[in-house]
Amino acid sequence: MNSELLQKVAMTEDEYDRLVSMLNREPNELEIGIVGALWSEHCGYKHSRPLFHHFPTEGKEILTKVGEENAGAIDLGDGWCAVFKMESHNHPSAIEPYQGAATGVGGILRDIFAMGMRPVALLDSLRFGPLDDRTNKYLFNGVVSGVGGYGNCVGVPTVGGEVQFDESYSGNPLVNAMCVGIGRVDDLLSASASGPGNPLLLVGADTGRDGIHGATFASVELDENAEEMRPAVQVGNPFLEKLLLEACVELAEMHNNWIVGLQDLGAAGLTSSAIEAASRAGTGIEIDVMLVPRREEMMTAYEVMLSESQERMLVIPKKEYLDDVVELFRRWEIRADVIGFVTDDGQVTVREGQEIVARMPISIPTDPPMYSQLTIRPSELDQLHNQDFNLIPDTVNPGVELLNLLGSSNITSRKMIYKQYDHQVQNNTVVLPGGDAAVLRIKGLEQGIAVTTDCNARLVSLDPRIGASIAVAEAARNIVATGSRPVAVTDCLNFGNPEKPTVAYQLEQSVIGISDACRKLGTPVVSGNASLYNETPVGQILPTPSIGMLGVIDRSLDSLTIAPKENNILVLVGSEFKQSIDSLAGSEYVTQKLGFIAGKPYIDLDYELKVQKFVLDAHKAKLLTAAHDCSDGGVAVALAEMVLATSLGLDAAGVDCGLRFDASLFGEAQSRFIIATDSQKSLSVLQKMLSDSEISFSIIGLVRGDRFKLGPIDLSICAMLEEYENGLHKLLDA
Amino acid sequence: MKAAVVVFPGTWSDGDCSWALQKIGIDVRKIWHRESSFEKNELIVLPGGFSYGDYLRCGSIAQFSPVMQGVRSHAENGGLVIGICNGFQILCESGLLPGALIRNQSLQFRCEDTYLVPGSNSPFTKNIGTGQVLQIPISHGEGNYYADKQTLDLLEDQDRVAFRYSSVMGEVNKSSNPNGSSRNIAGIVNEKGNVLGMMPHPERACEGLLGSEDGNQIWLSILEEYL
């Protein structure tokens, strides 16, 4: 046994023994490479899949079964559908931030157009260590440029996402890219290699030595030698991707009947792409590596099979349409080569010319070992839950606290990021970035879609189950705040090393928490991805189950933004204004005061659903002029964000801040919105609806003037803008 | 009126331009970059995007595309040509317009609304009411218009500056310049006035639903002139 090779593909000795007994012989080097890649965490989900049965995955609008296709598909009505998925590119971005992020975007785009759908939106959920560190600044700048560099070039708008900062992400940033595609239900393509005798057509870029062992690299912890893994990071060519995108969408829209399958080449390249496609169809495949066009000389079969060169797709045409398909790609100036064919023997056979260099049943690489890990609840949680916030004196200068929050990294405006992304190309973006969710119209339809990503990892770290439920609830609140109905979820499970029992606990509880909320809110999980082993020598990341959510609005014309109009009345919905000290749990405010994350997060999902339903009903009754989710920084920050989106002030000096000003102003209790309405008459209807549904609320005040007056706070809008608009610039320039 | 929207490999505003033009009743056909024949009375649109990936330099490879021969002779014969964003870069690289578009002063890509004060001396802007300020977004990394002093003076003397970046009130100053362009120039026309290049995307500002309808003023100005 070649232990150096086993280490390279991150295969344990037990796994090797399992492979030997499945094969009934010793595997050769290429076979170890193939199986190692597909059994890696990144491809095989061997630590996370045993948990997936928790997820609710079905609903009347769901068109695909999870795992059967590259992304989940949602029925939008009138023969249209949306597909979406989120995927991580964390480890490559830690080593080479620009290309890591860029190829993350490229990869998720291919997942979408592999289904024949036109990508219409990108979102990015990012995490970094604090910006006072030079390396973190470098990673931040590189990732943001990479996301923009790729997305801008392919002409798909980047319409949303989030960025959060925490020490635990230092050296291990998270880059989760989500893509949404739209198309006709009839044009949905499958990623299966059916029909023995059909050719395997490799289209797009030539194959090079880049990205070999990328899937493996994504499945181990980052250590001090991580820099040496730079060759495992791929290099993107968004120009070629754009051509591939157009060709594949044309194939789906115009010549659906020419092909049986279309599959992207992602992690583990040709190996996973061809084997997964055959596995889906219950067929076999034969590939001759000599037929694979290469960009480098003297490549071995091993290198060809495991290369992760970007911008490649595997097309499985019906053999009678092979020439037509090749011609279509040639017209888009893309090379297309037959590299093998579909067989009926259930085997993966790799040839190098005449010689068979690997051969085994498809069922072996697609049957990774599954590990149920020992889970242990982190012992420090009880102490953190019982943290006595009464020991922190209440704020004596809430205005200064608010300014500080508006300028702090986790809250300050993201404008300097999203204005580096083309968020308008394709002429669909109705609600632009900067609010809760982005809304896109669908040309030719009244309906629109709302999209968002969310995850407050602080709360997940304090209580993985509740925190993960909150991530889903908050994503849904973002969707609802635009007047859209939450429909489905994609997730990206970013965790540390799952072989550690406390991390296994976080992972398991988070999956259960996501499932709790998705069940309650009626938003099934339709696709997802797991990124484990997010650890550096310093420690593991905060558990970060990023949630991507898609919602539907009946008329995109009716979308709500967070910006109210002059003299609108603002109402806090979901709770009274005055809050108890418990609402500070895990808040940005209290984390800054304590210097660590503490408290016991809480959510009542029944109540959450009720509040969301109220907002949608009120919107339907045309009673709302704006709405905003209350999250990081509490009600004070939510109100500030709303009025800063206008050029007006807030007149709400009379609110009752209760016994603890800090909790009422900056506490982050769940299930709350700020809504705006334009008349006393509408207000009284809203009040009645709220009382009938037994939802607590407080009337806050009016949008007017040029000062921000909220209880004890009295600030000039200019001073607030100065902090809010320039926060990231100041942190980056410091 | 008819329009021909040119598609280079890597172009991505072809769909948006077609959508916007069709919306106000102009017949649109798309032209793949390997073709090169145009009808005499067609408006040629060179849309935004990253033609040939903008490798080497923005617009520099596209100038050698077969379609550019047709564009050149169309322009010489007095036909209308509008280059938007990457299209403007291609027109400068092809020598159909003077100057060059260099990296934004911020060294970053910028996608945001800008406000534009139109000039008067071309069919593209002639019929836009005086004193109007147009709200039209930009989306580029290399939109910083540069030319030597002599060229800039000439452009101004001949009233060939089609658009300048301004504040919402129409003040042309440094703080309303999003990319460092010389003299706030956002768009220029050739000597004959039949070729316009502009960095902002009027095709993205043609519907109230998307935030602005001001882009339509350009198409309407052309229609009024040629109907």
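Glu13(A), Asp14(A), Asp17(A) and Glu26(A) gather on the surface in a patch of negative charge, a patch being made of residues with over 30% relative accessible area and no salt bridge, with like charges joined within 9 Å and nonpolar side chains within 5 Å. This is a predicted model, in which local features need pLDDT of at least 70 and side-chain atom pairs count only at pLDDT 80 or more, while totals for chains, interfaces and linings use all residues. Residues are numbered from 1 along each chain as its sequence is written, and side-chain values use heavy atoms, with hydrogens and water left out.

**Surface patches**
- Within the negative patch, Glu13(A) is found in helix 2 (residues 13–23) of chain A.
- Tyr55(B), Leu56(B) and Ile61(B) form a nonpolar surface patch with about 320 Å² of accessible area together, as given by the Shrake-Rupley method with a 1.4 Å probe.
- Ile61(B) lies in the loop between strand 3 (42–46) and helix 2 (66–76) of chain B, and is partly exposed because its relative accessible area is 32% (buried means under 20%, exposed over 50%, and partly exposed in between, with a 1.4 Å probe and protein chains only).

**Buried residues of chain A**
- Thr452(A), found in strand 15 (residues 448–454), counts as buried because its relative accessibility is 4%, and its side chain reaches the backbone oxygen of Asp436(A) at 3.5 Å.
- Ile212(A), in the loop between strand 6 (199–204) and helix 8 (214–217), counts as buried at 16% relative accessibility.
- The C-alpha atoms of Ile212(A) and Leu306(A) are separated by 5.5 Å, although these residues are 94 residues apart along the chain.

Technical notes
Chains lettered and ligands numbered in written order. Salt bridge = Lys/Arg side-chain N within 4 Å of Asp/Glu carboxyl O. Lys, Arg positive; Asp, Glu negative; His and termini not counted. Charge placed at Lys NZ, Arg CZ, Asp CG, Glu CD. Helix = DSSP H or I, 4+ residues; strand = E, 2+ residues; numbered from the N terminus. Polar contact = N/O pair within 3.5 Å; in protein donor to acceptor, adjacent residues only side chain to side chain.
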